[in-house]
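Here's a quick briefing to read with the model open beside you.

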Amino acid sequence: MRQDDIMILKEIQKNTQMAMTAIDTLLDKTTDDEFTMKLSRQSIGYARIHNDAVEQLIEQQSGTYRGNQITDMMLKGSIHMNTLLDISTSHMAEMMIQGSNRGFTNVYKTVKHNTLAQDRAVELAQEFMDFETKSIEQMKEYL
């Protein structure tokens, strides 16, 4: 596996992990059952893509992305601060849209900067970006 593939897969792994952490944090705050179900389904989708990226990295005996507790704590703290005064479904949907936009942009930039990547990594990156686009559209319903 080329270094370009590894960079893309690690970026996918990082962004899916952040998305799952964000969803887990928001699920404790939402009272809308339909919104809760959408978030839970999104989390399952992120987990599937995350696991695919990890499997590809392990198959090639490449190290996986290792997040750290400080980053997780900062993400959770940011979510708690952003929902301190506003726990409306609309506000949480907006936060999810912003996160999905960041994830999409991060993976897109990584693909553009790693042009020697093979099909499997690029296909998974495209799948991730398609999933993010779909997630954004689903969250727009709650604005």
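Leu84 counts as exposed because its relative accessibility is 60%, with exposed meaning over 50% relative accessible area, buried under 20% and partly exposed in between (1.4 Å probe, protein chains only). Bear in mind that this is a predicted model: local features need pLDDT of at least 70, side-chain atom pairs count only at pLDDT 80 or more, and totals for chains, interfaces and linings use all residues. Numbering runs from 1 along each chain as its sequence is written, and side-chain values use heavy atoms, leaving out hydrogens and water.

**Around Leu84**
- Leu84 sits in the loop between α3 (69–82) and α4 (89–113); helices are DSSP runs of H or I with at least four residues, strands are E runs of at least two, and both are numbered from the N terminus.
- Together with Met81 and Leu85, Leu84 makes a nonpolar surface patch with about 430 Å² of accessible area.

**Overall fold**
- You'll find 5 helices and 0 strands in the chain.
- The C-alpha trace spans about 45 × 30 × 20 Å along its principal axes.

**Packing and surface**
- Of the chain's 143 residues, 43% count as buried.
- The chain's accessible surface is about 8300 Å², and 51% of that belongs to carbon and sulfur atoms; areas come from the Shrake-Rupley method with a 1.4 Å probe, and for residues only the protein chains shown count as cover.

Conventions: Patch = residues over 30% accessible without salt bridge, like charges linked within 9 Å, V, L, I, M, F, W, Y side chains within 5 Å. Salt bridge = Lys/Arg side-chain N within 4 Å of Asp/Glu carboxyl O.
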